[in-house]
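Hi there,

Here is the structure I promised to pass on to you. Have a look at it first, and then read on for my notes on its pockets and cavities.

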Amino acid sequence: MKSKLLFSLLFLPMIFTAQNQFELSYHLPQDITYNKNIPTPESVIGHKVGAWHVTHDKLVMYLKVLAAASDRITLDERGNTFEDRPLLLLTITSPKNQQQIETIKSQHIALTNTALSAQLDTEKMPIVIYQGFSIHGNEPSGANASMLLAYYLAAAEGAKIEKLLDNVVILLDPAFNPDGLQRFAYWANTNKSDHINTDPNDREYHEVWPGGRTNHYWFDMNRDWLPVQLPESRVRIKTFRDWMPNILTDHHEMGSNATFFFQPGIQSRVHPLTPLENQQLTKEIGNFHAKALDKIGSLYYTEESYDDFYYGKGSTYPDINGGVGILFEQGSSRGHAQETINGVLTFPFTIRNQFTAALSTIEAAENMRVKMLNYQRKFYRQVANEAKKNPVKAIVFGSKKDAAKVYHLAEILQRHQIEFYKIKNTFTSSNKTFNKDNSFIVPTNQKNAKLIQAMFEKRTKFTDSLFYDVSAWTFPLAFNVDYAQLRTTAHIGEKVTNLSLNTGKVTSNSSYAYLMEWHEYYAPKALNKILEKGLRAKVGLKPFELNGKKYDYGTILIPVQNQKLAKNELYEFLNEVAKSSHLVIDGVQTGLTSRGIDLGSNLFKNITKQKVALIVGDGISPYDAGEIWFLFDQRYAMNITKLDVNYMSHTELSKYTTIILPNTWGKVDAKIMEDLKTWVKNGGTLIGYKNAVKLLNTNKFIELEFKKSDVEAKHVTFEQKRNFSGAQVIGGAIFETEIDRSHPINFGYTNTKLPVFRRTTIFIKPDKSSYNNPIKYTSNPLLSGYISKPNLELLKNTVPFQVNKLGKGRVMVFTDNTNFRAFWYGTNKLLMNAIFFGKAM
């Protein structure tokens, strides 16, 4: 071992010096000259590219200086991350094009408009490329390469580069994920040795939880191109829709022992809505990457892994929008240099490969310019022809009682520039009633018809059983809104241009009580504000009728008497709460109902102020934990204390009413488990998700019976082994459950069926007592997505939720994530119900 380490220490400087890996000449083409008036990265950031991991602040500083020095570049600050880092975009093209950039943009958008595209001469139009880097912050070679790319495009001189910039507009997004990039750069730089240690076991190559892959709330942003829930996603989708680029590149990293991957990926896993020509063009572009990588001697592969199925990824989103998305995956040094099966992999080497692929993309774009522009025009003509023939003329969606969910779904459509309208009058379709004031309608005959189809379709048949990501994302099911496909446009009313949430209000100043229905999405936010104010509130366990209005299970009662606020103060406060939560609170003057329980009934149970904690740290999925943190902090304005497993054993748990244990990757310390059990027995509510279900069952927090798969591998060759195993995975599909609306876990839901997202193979047998199975998969549960036949049989009539008493407390478990990727609005309320109404279960 000593000789191996000594060899590494002696050999590594030889690698760097022999190949001049820190010099610009290592990366940049040397057959041209460079403008000396254009600042190099080193002159601004203070170190050579690849010597250190560039921090986002230095990256921003350089690009601002570069843009100021070059008439080929304009720089836009399009917004900020959750940590207030700027989201930059560089528009790079020839000075001549810069002077008429708005005209170029409008002409390019016109190419997607069938009424205008025939008039355009694609021979004379520049092609548009959107090049984006490091959406995963701990895959930093892309963001570091973006500096080199920007410098090259600004400083390179000669007829060749001038011709290229006349023919190409480059939208350069230097860091898709500034917060994650900054986090990882700090880690890699603070753990770097002066004499680089290439041993993969060194701390430099093992970042601490949650790692730099994700953004501030620990989201994988490469899954948010379609849901568009995060600020980083919103600006890049706006850029995309404003330009409709012909090619989008998405620069990633993969395992250190890998080489370099570029698309196309596995052809059988392309979404059926993607045209065949898209993959043919992707392959043709790939020939340029191969040639460029051959030239510098870099190993690569293609068509062996990854896929283009889920349209929520950067490399796939363009495919449903008339462009071509391209994924690059570079073997990662995970630091500055480490030993791999392919030799010592250095950070500069990874940067050079990303830079080379970025340049080969631009070369391909210039050479294929007219072909790509014509493909885009043809794509939208075909979309228009298909839309005319589509028997479904419109899709309507709405909710009887929850305007906020309807708004947020419409908000996603608006971000994708999908046209939608109000409905003329209330009507019924497919046994569902769509209220005039609480529904929207989407005509299918519009430019984004294919995107609409991709967002609303339910698909259960596939040519392949393996998926790199989810196999279903049907948006109306995710939002749990009613929807119907219509064969007429007769119900289309006024076009929606100014979308806004409902204005909340209190109907009247009461001297008796106030009632708040629990259906609205932001009702938990309102209740939390009420409890935080120190006010008394109760929840109704049964429906009732008062003043001609029917109040459902879960209605919140706020009495006027014996409150810390006087009558008028209470009215004013509740008005503020109603407005900020976009809902209606009714003032009532009597407790005598015309039907059902009276307001003084013992079936109104007290709700106590909640103090919630979330277990995080090693062994916990940062994605699942981050989605819960985000839900509390951004949606419901509720505090949630993040308890790290590294110090949790020394934490006084008695101050918390609820503790959430997200999906786990392994065991949790025995002392922590024992402390949790004591805390539950003393009256706490523990909520576990996914793998935590089995952990809590094993540790006797709850007693469950599971169904197990016993699929045998018959007639499966060794070569087919991986595919056989992969086919038994539920990568992400949507299933129908039947719910008991009288159970507190389901308060706020108006229908007896609830779509649930699932990506685990944990199958819980139902309890013998039916009232203990408030959520149950139906006998025909598959709504959308892939599941193997054996798993589907196992899933039928099982339960995704159970609750048991333990001492004075409660243990609740969910087999799946009810807060998936921030766009599963439809099941968010389940967690809130578990928190606020747990004692009633």
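**Pocket and cavity notes**

The lining of the second largest pocket has 14 nonpolar, six polar and eight charged residues. Please keep in mind that this is a predicted model.

The space in this second largest pocket comes to about 760 Å³. Its lining is made up of 28 residues, and those closest to the centre are Pro 29, Lys 160, Lys 295, Leu 359 and Glu 363.

Across the whole structure, the search turned up seven cavities of 30 Å³ or more.

The largest cavity holds about 180 Å³ of space. It has 19 lining residues, and nearest its centre you will find Lys 405, Asn 480, Gly 748, Tyr 749 and Thr 750. By class, the lining of the largest cavity splits into five nonpolar, seven polar and seven charged residues.

The second largest cavity has a volume of about 70 Å³. Ser 268, Val 270, Phe 309, Phe 462 and Thr 463 are the closest to its centre, out of 12 lining residues. Six residues in the lining of the second largest cavity are nonpolar, two are polar and four are charged.

Enjoy exploring it!

Best wishes

Methods
Residues are numbered from 1 along each chain as its sequence is written. This is a predicted model: local features need pLDDT of at least 70, side-chain atom pairs count only at pLDDT 80 or more; totals for chains, interfaces and linings use all residues. Side-chain values use heavy atoms; hydrogens and water are left out. On a 1 Å grid over the protein atoms alone, a cavity is a set of points where a 1.4 Å probe fits but cannot get out, and a pocket is an open set with protein on both sides within 12 Å along at least five of seven lines; lining residues have an atom within 4 Å of a point. Grid points are joined across faces, edges and corners, and a volume is the space filled by probe spheres set on the points. Ala, Val, Leu, Ile, Met, Phe, Trp, Tyr, Cys and Pro count as nonpolar, Asp, Glu, Lys and Arg as charged, and the others, Gly among them, as polar.
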